[in-house]
Amino acid sequence: MIDPTYDQRRVGYGIQIVSMALILMLGDARCMAEEGVTSDTSPVERPRYKFEVGQELVYEVTGDERLLDASDDDTTDKKPIKRQSKWWVWITRKNDDGGWRLVIRMHVKLLKISPNEEPWVRFESDFLGYCDFAPDGSFAPNPTLGTVPLLAISPEALFIRFPTAQSASRPGWEYKSAIDDSQYRFSLAGNDGDNLHFAGSVEHGYDASYEMHRSRQVDFDQRRGLVTRIVDEAKGNWQRNPENWRMTVELTSVNRRDPAWIASLDADSERYWPIRKRYGELLLHASRERTSAGCAVLLDKARLLLSAMEPIGHSEVRLVIDASLIEHNRMAEEVFLPLAAAREKQYAQPPLDWETTDFADRSYRLVDDRGKVVVMDFWYRACGHCILALPKIKELAARYPSDKVALLGINSDQDDEDAQHVISAYELRYPNLRGREITRQYGVKAFPTFIVLDQTGRIAHYADGNTEDLLDHLTAIVDELLANPVTADGPLAAPAGDGSGAGD
């Protein structure tokens with residue numbers, strides 16, 4: 001089985017291809033008393049960021065305490081992970097609207113912790129992104145920002161958005177994430193002089209699956225207009241996958257960079273962003289290629305795209321490009337090409353005829369869906385990206401009549417209660433089936449995986465990962481098959497969106 005953490009690495013390149021089990025945990029709202037913090041929650045001056053062009057803010061994970069119990073579920077790798085992260089935030093320009101351009105580099109190292117063994121580096125790399133940031137903490141999403149805080153640039157890992165009202169007092173305020181479906185709620189917990197202390201909660205789309213409660217505490221220096229500390233806590237009630245940990249991120253230094261250095265970073269990063277976007281597109285198409293040879297061609301084009309950026313000389317941008325090239329070669333050999341070989345093998349297989357049951361013990365036979373387009377979603381409860389994909393799959397199911405398109409959830413949990421929990425919590429109305437053997441039959445090695453069968457039962461499309469375009473992508477595949485039905489005596493179809501010609 002492909003290591004679930006592969007998805008996190010690929011997120012750093014702007015795509016989400018392979019499912020992952022590690023998600024930054026936050027927690028339920030709790031105000032923690034601290035020495036020197038008053039209980040005064042009367043209105044204070046409206047908090048606002050006060051960045052200056054040329055500033056360099058350095059944030060680091062200074063505390064990472066977690067307790068992860070081992071699991072006998074063979075769909076996950078539950079060795080404890082220790083995260084070491086550091087962010088550099090450079091304010092490179094003042095925008096016309098009064099906000100700033102922030103260029104952010106994140107260095108992340110993930111250490112596997114095994115009993116009676118020295119920690120070993122599972123992954124280490126650097127990522128670069130930007131955002132145009134307003135004084136209240138709002139920003140617009142862009143392709144350089146990711147939705148998985150562990151291994152993608154997310155300003156929300158370092159900053160919070162402040163209310164638009166004139167004061168920040170109880171009962172507080174709430175807002176939705178700019179880059180995913182997370183919901184944030186905060187209130188003023190107290191202050192000691194210019195230092196404001198906010199307490200709140202964060203809700204992610206997969207929290208109902210993990211039975212997770214998250215809290216976040218934020219210290220803000222009102223005079224300097226800077227977040228100085230964030231403490232995230234998580235407590236999970238799912239007994240088979242218990243979570244209980246605390247992570248602290250602190251502002252460790254504020255520096256001033258030379259104007260020429262800042263101007264060079266601003267200019268070279270502007271040249272890098274469109275290249276990074278195109279690079280991510282090529283990797284996405286490579287992950288959907290029907291043949292190993294086609295995948296290899298797209299991977300080579302992606303690598304050459306980065307290699308051709310030699311004129312970029314700024315040390316920070318160059319560092320990220322070089323790190324991406326190193327990671328590209330490893331990912332090509334360990335993830336992209338093996339998965340492409342598995343897809344190619346499956347495309348060549350004749351239609352399967354399997355029978356299983358749903359979680360009410362009703363029998364389900366695939367042969368009964370001959371003549372329909374069949375979309376299969378392979379998932380399990382502990383897969384965060386499987387859960388985050390569910391709203392898209394629910395919408396896909398609602399778009400088509402059941403006599404034309406059958407949407408099936410293929411679950412591989414060992415315990416029926418885990419699958420039933422998700423089905424109930426996320427109100428899945430389409431059939432979800434016991435599918436551990438079916439998962440093996442289709443050679444699924446990464447989660448979530450989506451397989452579309454044509455009207456004869458042959459595989460028309462095989463792809464993995466909860467990508468941003470997942471709903472539109474699967475819709476295009478299904479629409480093509482409905483417009484041009486495949487018959488038993490007709491030619492095999494190559495539906496739209498399979499990546500053909502993507503490297504042109």
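**Strands and a disulfide**

Mentor: Happy to! In β3, the residue that S85 bridges to is V108. This is a predicted model, in which local features need pLDDT of at least 70, side-chain atom pairs count only at pLDDT 80 or more, and totals for chains, interfaces and linings use all residues. Residues are numbered from 1 along each chain as its sequence is written, and side-chain values use heavy atoms, with hydrogens and water left out.

Trainee: How many bridges join β2 to β3?

Mentor: Strands (E, at least two residues) are DSSP runs, numbered from the N terminus. Two strands pair if DSSP finds at least two bridges between them. Here β2 covers residues 81–94 and β3 covers residues 100–112, running antiparallel, and the number of bridges joining them is 13.

Trainee: Which residue in the hairpin of β2 and β3 takes a positive phi?

Mentor: Look at the link in this hairpin, where five residues lie between the strands. The phi there is near 95°, and the residue that takes it is G98.

Trainee: Which residue forms a disulfide with C383?

Mentor: A disulfide is a pair of cysteine sulfur atoms within 2.5 Å, and the structure holds one. The sulfur atoms in question are 2.3 Å apart, and the partner of C383 is C386.

Trainee: Is C386 buried or exposed?

Mentor: Buried means under 20% relative accessible area, exposed over 50%, and partly exposed in between (1.4 Å probe, protein chains only). The relative accessibility of C386 is 0%, so C386 counts as buried.

Technical notes
Helix = DSSP H or I, 4+ residues; strand = E, 2+ residues; numbered from the N terminus.
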